[in-house]
Amino acid sequence: MDQMKIGAFIAECRKKKGWTQSQLGEKLGLTDKAVSKWETGRSMPDLSLFPSLCSLLEISINELMAGEYIPEEQLRAKTDAVLMEVITNWLGGDKWELKETGLKEESILKVLNVSKIYEAENRKTLAVDDVSFGVQPGSFLGIMGKSGSGKSTLLNLIATIDKPTGGKIEMNGHSITDIPENQAARFRREHLGFVFQEYNLLDNLTIYENIALALTVKEIPRENVKQTIFELAEKLDIVSVLNKYPYEVSGGQRQRSACARAAVTRPDIILADEPTGALDSHSARQLLGTFNMLRREYGATILMVTHDVLSASYCDRILFMQDGKIKAVLDREQESRQDFFAKILDKIAWMEGEDNVF
Ligand code: ADP
Ligand code: MG
């Protein structure tokens, strides 16, 4: 982070607005001296002033930290680099934050010997039992299993909504199991995309506003927000409903909008819990097609919990859970989706057969 460069950039943006140092100071409730100190690189604006300063100067926080305008085509790479710096220099970088979102190494997510025991009214439930697996970047991993087999619990552990009783979960090589509670929300916003029933769209915002809200966390320059949303909306076939409220659109459109919200920040991984659960088969297919498009065109990595065979047949790897354990793994080879569908049915029948043995 180059304080001199940032100072010069603040001065440049201020002059562009035609303001004096004291006029800018006034708008922020500060003296011209404070502004002068920033502009000469003697001090940095306080973190709490960033949002209002950026909005006054019409720049993004990343541009402020970079000390220059960031061309749109470089936005992604720059964003990551700048965010890293902000995090390390300003927020006292905890280990788990020191990652590069753009760097996709072989396993984006590692679940290592993870267990979860719920204790309620003197009764212990082993909901997740010593589960280990990795997720490759760009893959579409499915988790199947009967109701009560531990799928949602596992997903919530990965989502940092819940903490494992044992084991470790790593995202891009950094442990996410010891993220303090007060930082977990931020981690989720920046690194994860959710298509969960409980994380539905906000009813008092339009679909457009719902998607835009997710984007605010990435600090994309305001003039690019609209374009980013429209591009994605076109691909997800929801342009016509952008100005509608969630309750005014169909279930399929709502779920695709939720996908747009989850994907628009380009998260490391999109977590979906029974995303097709409430959809008719046409809408379900469309949603699953959407996931595939997000992988193809955005390099998205998706982890989906489902008990639906049709949904699972879109995945390229399926983990079968039973009583909190991964009982079987199925990889889609070169076969067609129809053949994979048949294989999944076989595997389920085999697992139910196993059930009978015990
Ligand atoms: P699935 O999503 O596969 O249906 P869950 O992960 O929701 O399964 O549940 C796994 C097991 O853990 C079940 O036996 C369930 O009753 C139990 N369980 C889930 N959440 C809690 C909780 N908050 N407190 C106690 N038990 C729970
Ligand atoms: Mg569940």
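**The whole chain**

Before selecting anything, keep in mind that this is a predicted model. Show the chain as a cartoon and you will find 14 helices and 10 strands. The chain has 358 residues, and 49% of them count as buried. How do the contacts reach along the sequence? Of those between residues at least 6 apart in sequence, 67% join residues at least 24 apart.

**Stop one: ligand 1**

Select ligand 1 and show the residues around it: Y118, T125, A127, K146, S147, G148, S149, G150, K151, S152 and T153. Colour this shell by residue type and you get two nonpolar, seven polar and two charged residues. Next, colour by element of secondary structure. Strand β2 (123-135) and helix α7 (151-158) each supply at least two residues of the shell, and α7 gives the most, with three.

Now zoom in on the oxygen atoms of ligand 1. Which distances can you find there?

- From an oxygen atom of the ligand to an N or O atom in the side chain of K151, the distance is 2.8 Å.
- A backbone N or O atom of G150 sits 3.0 Å from an oxygen atom of the ligand.
- For S149, a polar backbone atom is 3.2 Å from a ligand oxygen atom.

How much of ligand 1 does the protein bury? Taken alone, the ligand exposes 560 Å², and the protein buries 60% of that.

**Stop two: the nonpolar cores**

Hide the ligand for a moment. In soluble globular proteins, nonpolar side chains tend to be buried together. In this model, the largest nonpolar core has 51 residues. Select I270, F291, L294, I318 and I344, which have the most contacts inside this core. Then highlight helix α12 (residues 281-298), which brings the largest share of the core, seven residues.

Stay with I318 and show its neighbours. Leaving out residues up to four places away in sequence, I318 touches G142, M144, A312, A328, V329, L330, F340 and I344. Apart from this core lies another one, of 30 residues; V131, F133, M171 and I176 are among them.

**Stop three: a glutamate in helix α3**

Go to helix α3 (residues 32-39) and select E39. Is E39 buried or exposed? E39 is buried, because its relative accessible area is 11%, and the cut-off for buried is under 20%. Show its side chain together with that of Q21: the two make a polar contact of 2.7 Å. Beyond residues up to four places away in sequence, E39 touches G7, A8, I10, A11, R14 and Q21.

Most residues other than glycine have a negative phi.

The loop between β1 (109-120) and β2 holds N122. Its phi is positive, about 65°, although N122 is not a glycine. N122 counts as exposed, since its relative accessibility is 83%.

Then jump to E274, in the loop between β7 (269-273) and α12. Phi of E274 is also positive, near 45°. This residue is buried, with a relative accessible area of 14%.

Methods: Residues are numbered from 1 along each chain as its sequence is written. Chains are lettered from A and ligands numbered from 1 in the order in which they are written. This is a predicted model: local features need pLDDT of at least 70, side-chain atom pairs count only at pLDDT 80 or more; totals for chains, interfaces and linings use all residues. Side-chain values use heavy atoms; hydrogens and water are left out. Helices (H or I, at least four residues) and strands (E, at least two) are DSSP runs, numbered from the N terminus. Buried means under 20% relative accessible area, exposed over 50%, partly exposed in between (1.4 Å probe, protein chains only). Contact means heavy atoms within 4.5 Å. A polar contact is a pair of N or O atoms within 3.5 Å; within protein, one must be able to donate a hydrogen and the other to accept it, and residues adjacent in sequence count only if both atoms are side-chain atoms. A residue is near a molecule or strand if one of its heavy atoms lies within 4 Å of it. Accessible areas come from the Shrake-Rupley method with a 1.4 Å probe; for residues, only the protein chains shown count as cover. Ala, Val, Leu, Ile, Met, Phe, Trp, Tyr, Cys and Pro count as nonpolar, Asp, Glu, Lys and Arg as charged, and the others, Gly among them, as polar. A nonpolar core is a set of buried Ala, Val, Leu, Ile, Met, Phe, Trp, Tyr and Cys residues joined through side-chain atoms within 4.5 Å.
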